[in-house]
Amino acid sequence: MTAAMRVMSSLTLTLFFSIICCSLTEKLSNASSPNIIIMLMDDMGWGDLGVLGQPSKETPNLDAMAAQGMLFPNFYTANPLCSPSRAALLTGRLPVRNGFYTTNGHARNAYTPQEIVGGISKDEILLPQIMKKKGYVSKIVGKWHLGHRPQYLPLKNGFDEWFGAPDCHFGPYNSSIRPNIPVYNNSEMLGRYYEEFKIDRKTGESNLTQMYLLEGVDFIRRQTEAQRPFFLYWAPDATHAPVYASKPFLGQSQRGRYGDAVMELDYSVGHILLWLKRLGIENDTFVFFTSDNGAALTSGPNEAGSNGPFLCGKETTFEGGMREPAIAWWPGHIKAGTVNFQLASVMDLFPTSLALAGLSPPDDRALDGLDLTPVLLNHPHTQGNRPIFYYRGNELMAVRIGQYKAHYWTWSNSLEEFNKGINFCPGEEVPGVTTHDQKEHTLQPILFHLGRDPGEKFPISASSHEYQKVLSRISPVVEQHKSTLVPGVPQLNMCDVAVMNWAPAGCEKLGKCLKVPKSQPWKCDWPH
């Protein structure tokens, strides 16, 4: 199927769904091994959902999903940047353990641009690899971002199918200097962004989200017909700048182009849930919706989301950078309309998915995720005051236990970058907190009560009884964590022009191969 054939209008999409519906003659059940769908958005903020207070109320399907399932207001990513958070989700481990960090600069964020040499380590065990033991068929739709060299791609790391791209949809590029990003169908490219897969930078029009929706629904239909349990990792990237939406959604939002993208994603989530019901597998399918990191406020005002009441955004370890929207949905199992204030993490999806599938996590490595099934199934037992660790690169920046958060280091972004117009906290600066140099507070952490002060604006006095009492609880947890931490080999240190997407697999058939330049490796520079 060509890329052009995949692009459909909303009317055609509805007709496509109707044809599929009529083709199914029986309802199937995988109750013993429920299907699992993880929906991971890209740079979508906590405050982008109507159910979490977005005034425009333009997410009716996600709001309905929350009303039918469980909302987690205290859900966190493992890193305030895309690649490390995705590696954490699929391994259940902090990026500092799984290697998705850099040692080129203290507390620097790092990810996988085209020039990165590394990727997900062969020593890591990814979620789909384990789920094969129970016969799960796994597919990723959308952005991978764990390395684009052949050995790092999804089909080499447990996934059976893939439709999407290895990197962000930055561009368009001059192919003589930097190639446009390829879009893959399984192990071969179908074309490139801005070429066969159009993104109009001027109007914001692109049909990619529609393609991702069709790919996801088609996978669900095929596995349901074959009566095979499936794992779908649905990772569209429309809310990452440059944001985009298809023509029926452009200009529809009160929030501008970013809102248009959110509306189309909400529509897509609604259709996926609708199809689970039409196929009769909604009671046999666990669905979890979240985002990879906070909204990128530096892309504002036109291409940035909302982090609600929280401080700063993407790339920072303030709440706006790491607290994410999160909804669990499983009719007949999760009590509808539940709001659960359990502290939870994207890394929890690893052991939770395995537990739902009846599988044990690997016992030869430290895991940072916890099994949330007792919480999801409304058992009395919860995970109590488990800590949330806020890492930036190789440094533990902050820790949350209960309602309290202690900052051991503060930093928004460098003064040099700030003076260039790059601001991770526009209009939200807090003196002594959103610092433009790396400030160490290990001897006297900055402490906040996030229940009273979710915006991290009013530090608790270090001379108060409350401060001393809370610190006496947090300090041993931090000491224990640091004393037992064994960092992984950093994968994000080296860059090389020769490893860019010049000649991906399948380029020969398409006549899309570009000349690979001479290898010139260097230590990657990470400004933030």
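When the bonded cysteines of the chain are numbered in sequence order, their pairing reads 1-2, 3-6, 4-5, and the count comes to three disulfides, a disulfide being a pair of cysteine sulfur atoms within 2.5 Å. This is a predicted model, in which local features need pLDDT of at least 70 and side-chain atom pairs count only at pLDDT 80 or more, while totals for chains, interfaces and linings use all residues. Residues are numbered from 1 along each chain as its sequence is written, and side-chain values use heavy atoms, with hydrogens and water left out.

Cysteine 312 and cysteine 425 form a disulfide with their sulfur atoms 2.0 Å apart, and the pair links distant parts of the chain, 113 residues apart. Cysteine 312 counts as buried at 0% relative accessibility (buried means under 20% relative accessible area, exposed over 50%, partly exposed in between, with a 1.4 Å probe and protein chains only). A disulfide also joins cysteine 495 to cysteine 524, and both of these cysteines are buried. In the disulfide of cysteine 507 and cysteine 513 the sulfur atoms are 1.9 Å apart; cysteine 507 is buried, with a relative accessible area of 0%, whereas cysteine 513 is partly exposed at 35%.

Key: Helix = DSSP H or I, 4+ residues; strand = E, 2+ residues; numbered from the N terminus.
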